[in-house]
Amino acid sequence: MIKKLLFFLILVYAKFAMAQAPILQTRMDIEFENAGLEEVLREITQKSGVFFSYDSRIIPTDRKVTIHFENETLENILKKICALYDLEYSVVRDQVVLRKANIQAKEQTRHTISGHIRDKVSGETLPGATVIIKELNTGTTSNAYGFYSISLPPGQYTLLFSFVGFTQQTFEIDLGKNLRKNAELEIDSHILHEVTVIADEYLDIIQKSQSSLISVNPRSFEQLPEFAGENGLIKSLQTLPGIQTHSDGSSFFFVRGGNKDQNLILIDEAPVYNPAHLFGFYSVIIPDIAKEINIYKADIPVDKAGRLSSLIEVHTRDGNMKNFNFEGALNPLMSRLSIESPIVKEKASFFTSFRRSNFEWIYKQEAPDSDLHIQDFNLKLNWQINDKNRVFFSLFSGNDNYTTLENQGKVGVAWQNLTSTVRWNRIFNDRLFSNATFYVSDYNYTLFTGAFPWESGISDVGLKYDFSWFPDPDLTIRFGFSHINHEFNPGNFSGYDEDASAFIPKVYAGNASETALYFSREKRINDRWSWKAGIRFPFWLNRGPAVVYDFDDNQNVTDTLIFQPDEAIQGYLNPELRISARYRTGENSSFSFSWGNYHQNLHLLSNSISPFSSFELWMPSGRNIKPQRAWQLTAGFKQIFPGQALELGLEVYNKRMFNQIEYTSHAKLLLNPLIEGELYFGESHAYGVEFFIRRTKGRLTGWASYTLSRVFNHFEQLNDNQKYPAFYDRPHDLSVFLSLQVSQRVNLSFNWIYYTGSAITTPIGFYYFNGSMVPMYGEKNNDRLPDYHRLDFALSWNLGKSQNRFQHSLNLGLYNLYNQTNPITVYFNKIKTTGEDFAVPANLFATNELISAQRYLGGFMPSITYKFKFR
């Protein structure tokens, strides 16, 4: 009986297997580009007569794929489709049943493709390069060090590598095991002649969650009109939406209603506390040294927190791993030279740059005892130890000196930025990447008064260890920790003897440290939805040595506390959360959303809106100064028109800031141990909408940005407890940049900037007291400076042939073409009662009358620069 039953089962199975065989061996041609599963299955049914059964609720039929088969069996076609969609199939009579594959089994068979993406000519890694899996219509981007990783089921795939300004590279692979695939991309010389900024057409295919991020290729700034032959980060920021600068001759900039100290600038992971030369006319960061610049206005990564409003992240060039190169520029006011070369080809390289001003010919004859100069020095060493280990060393030094020798000694101001970084990249395996960073940063400001100098500054020593894990193409996990020590000098005289110390007060701020753990997870749910979430746990500790005063509500001292070195003064634990999402509405459009809360424990104290204020102090959070807090909500829409090479962007934001700082009337910053008692704490509210449009290809390229925004402060002690516009409240901000490639050798560019004048306080009336006119003031910031506008022009003439290794050009710049006078201050004064000198311009016929006057800088300024490059 058992034998008969076994024989019967064998016959049934044989019949079933014979029924499957003709179905699976049916041959056909199938070709689809970016098609959904339903469309593909309908075509197979039409050509083979085979019907499919599946549950559309659990199978992603809307996911797009690209497949191409010629005279292929249905069996192989089904295997390919199942691999792309993580499916399994079985044949039941004349139907194919599709179901979700066993996840655990699929995970066991996934393989990882990883590697670095580099510039073929220089060997420089390319951060933010795109890797697309054509068949899956998905992919990833390389990290800050050019490394990428993506895990896929076994199968045959087409890999597309692309980067802004480079030609695309394509590879066919048969993925049967973990694969290391490096790519070297070549610069598209044709594109470089046409494009100022190039939008990568694949960026929208990658489902990113990042909101309020502007990634800038430094080459996009090269065509901007220059001030005195130099372009830099600070001036270039004026052209971007949501970022506002103060005025000519100012290093201040404000992002989405945040104050000037709420912006973190990193050069190779090390913070820079003063990014400007010559009070903002020049920048310490020039395009020549940068490989990539990322500007975050919200959704700031949890591993680089510390400010409320923005993060500007600059990655410098690594140095050419293959050839010796140099480039530079000469003009009447500034000279610079950059050199890069391999130390050991394909293994180690260096990059160095030096820049110094040429101001001496202007003033030396009239002021031989003066010393007015600025200079920068950059150095980077890059060592590829092996395939899994790489080490970088970076050094930056920037100096400003504006002093003169007088009878009583040196008089003037000087400041210095110094940063140094050591980083170690480690690839543990194909899915796990790490970067360890050790850095130091030192900023010093010196006011020379003749007898002895007044100095302030801040110094940092920091350590970070970051990990990136790529479990599958749709999931990226990042985590790590950081620790940083701060030392503060809140403004003290130096160089005096012990006898004078009794008469000169000493100001203490103590030291501080911050230790943080952080974690983020980025997930692509499907072809339309992706999201990212992160959390950060920072612990801040203010330590001695310090003398701390307690104050009552009337700013009177109630107690004096003395803290010894390393004795704890005050600690804060303030967790931070980030969440963002992206929804793709079509092939070239998407919505984005983000929310995050932020904390800041470093505070810049300054009671002047003038860009030339000499008294600015960095102070830590402690007993009297609480951490600044903020939350920001953003929503945005992006649309790309590939045929017209146009990109449109719109973003709205709402931002609340707490523990903001204002000052009592006539607050004293110089040598004031009680400075914390002269501070008020309140709230700010900022909101706005930003528009952005740019054209990326063709002879005429460029962009335009417009920001409509408001920011209001509310302090109980000020303005009768009513809100008032902040000094940096600018309702309207418009910028237009155009670049016209007249020929292969000649380029013309124009940049026009307009924004509403800053809010200021002016008298609402006057009264006479003892025969003199005295002003009366009403609401705070009741008036505005005149609106700012300026047009710049540049002409670039390439003197060499494009195929030559040596390239050189002449660049003519016309800054403030129509010589607009833009005031930086408005003030009221009268004629001095003695002597023949006047305090300010005044009415000669009414010496007791207060007269308003305006001070402005930077009228029309032409420049000519010779640039050269050898590659």
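Biologist: Which strands each supply at least two residues of the lining of the second largest cavity?

Modeller: In this predicted model, they are strand 17 (263-267), strand 30 (454-472), strand 31 (475-493), strand 33 (529-543) and strand 38 (589-600). Strand 31 gives the largest share, 4 residues.

Biologist: Why is this space called a cavity and not a pocket?

Modeller: A 1.4 Å probe fits at its points but cannot get out, whereas a pocket is an open set, so the term cavity applies. The space in the second largest cavity is about 400 Å³, and the whole structure has 12 cavities of 30 Å³ or more.

Biologist: What makes a residue part of the lining?

Modeller: An atom within 4 Å of a cavity point. For the second largest cavity, 29 residues line the space, and Ala-305, Gly-306, Ile-484, Glu-514 and Arg-536 lie nearest its centre.

Biologist: What makes a residue of the protein chain count as buried?

Modeller: A relative accessible area under 20%. Of the 871 residues, 56% count as buried. The chain exposes about 38,100 Å², with 57% of that area supplied by carbon and sulfur atoms.

Biologist: How many helices and strands does the protein chain have?

Modeller: The chain has 8 helices and 56 strands.

Terms used
Residues numbered from 1 in each chain as written. Predicted model: local features only at pLDDT ≥ 70, side-chain atom pairs only at ≥ 80, totals over all residues. Heavy atoms only, no water. Buried < 20%, exposed > 50% of the residue type's maximum accessible area, 1.4 Å probe, protein only. Areas by Shrake-Rupley, 256 points an atom, 1.4 Å probe, with all protein chains shown as cover. 1 Å grid on protein atoms, 1.4 Å probe; cavity = no way out; pocket = protein on both sides within 12 Å on 5 of 7 lines; lining within 4 Å. Points joined across faces, edges and corners; volume = space filled by probe spheres on them.
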